[in-house]
Amino acid sequence: MDNSKSAKRIAQNFRKLHEELDQYVIGHDNLKRALLLGLVAREHIYIEGPPGIAKTMLAELVSAAANLDFYFYQFHRDTRLAELVGDVVIQREKDSQGGELIAQSIRKGGVLTCEVCVLDDISRSPGEALNVLLRILNERQYLQEPIPLLTAIATSNPTVDDYYNEPLDPANLDRFSIQLRSDGLIQENRWNQVKEVIDLYSSNRFSDEIKPKPILNREIFDEAYKVLHSVVVPEAVKRMLIDLLDRFVNQYKLDSSNSLITDRAFLVKGVKMLKAMALTDGRTTVEPKDLHGLAYMTTYRVPEDIHRNVGTLIDESIQRVGE
Ligand SMILES: Nc1ncnc2c1ncn2[C@@H]1O[C@H](COP(=O)(O)OP(=O)(O)OP(=O)(O)O)[C@@H](O)[C@H]1O
Ligand SMILES: [Mg+2]
């Protein structure tokens, strides 16, 4: 297989998917980009934002347009794990001699059968259910059987008192490689986009059910994942990443008391992000600019002021190491 040809085709497909999302959801480019990166890299995504900014809609749209099996689960205070992964079913049957047979099977729940799942209002979940669920999501298998899941998209309203929810604990949050905070178009003063949404809903385009064109399929995701592994990370880019992490720790004094700089996130998932950035741009070699993909990871891993500035910090590391 010619990887560079394949990369170009993959990028073209993902561009089409992005354009399809644009047909229905105005703005939120970061969210759209993060969803595509998450699907390509098979990483989970955590999105925090106020009600009604199209978080759920985007997750549904991307699954429909990508032809992936979708599962939606709404967390509540009494969520039990069985609601998500299914129940063990015990059946009694008569055998041919009239004796009794007891058969045990699992009725698989949505999380075990879907390719994309939305875990809505995850911060309302009771801890016990969440810990086990996140382990399954991370290992992508249940009772030794692989699950078809590509990406779990967890959503949460901002965790402030008014919403009666609690922030995820850091160990759980770290399982979501990609993390975003988003606000509505009105709150962000995006008046041109506000006008576009009003135009959209003033037109009669939405009189029917919203049905995006099915553009991609699972094979493209499998091909993308294969090519992703062979994307090359040049030595210079590795040094830039190390420089950035070094400055996080030694210059900005980020440690476990104020940050979540885990080896897993930045040395393993971070590198995957760089590759996904390259691949969705049609390349099989990472370039320094791909380091900006790390900004999708720092939202809740570093203090807010550092996250807000992370683009500049990345550019500085690129400069310092030189190309
Ligand atoms: N940027 C936008 N472009 C187009 N439609 C939008 C946009 N923002 C909101 N909407 C409309 O508002 C609806 C609200 O979206 P949705 O239910 O997905 O929000 P949510 O962020 O998941 O909210 P909640 O936190 O309450 O679950 C969408 O279905 C869509 O009709
Ligand atoms: Mg929602």
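Hello everyone, some housekeeping first. Residues are numbered from 1 along each chain as its sequence is written, with chains lettered from A and ligands numbered from 1 in the order in which they are written. Because the model is predicted, local features need pLDDT of at least 70 and side-chain atom pairs count only at pLDDT 80 or more, while totals for chains, interfaces and linings use all residues.

Let's start with the sheet. Five strands form an open sheet in the order 2-5-8-1-9, with parallel pairing (strands are DSSP runs of E, at least two residues, and helices are runs of H or I, at least four, numbered from the N terminus; strands pair if DSSP finds at least two bridges between them). At the edges sit strand 2 (70–74) and strand 9 (178–181), each pairing on one side only. Strand 1 (residues 45–48) joins strand 8 (residues 151–156) in the parallel sense through four bridges, and there glutamate 48 stands opposite serine 156.

Now, what surrounds ligand 1? The shell has 15 residues, the closest being Pro51, Ala54, Lys55, Thr56 and Met57 (near means a C-beta atom, placed from the backbone, within 6 Å). Helix 3 (residues 55–65) gives the largest share, three residues.

Finally, helix 10 (residues 235–250) meets helix 13 (residues 310–321): their axes come within 9 Å and cross at roughly 125° (axes are lines fitted to C-alpha atoms over the stretch in contact, and angles run from 0 to 180 degrees between N-to-C directions; contact means C-beta atoms, placed from the backbone, within 7 Å). The contact includes Met240 and Leu244 of helix 10 and Ile314 and Ile318 of helix 13.

Notes
Contact = placed C-beta atoms within 7 Å.
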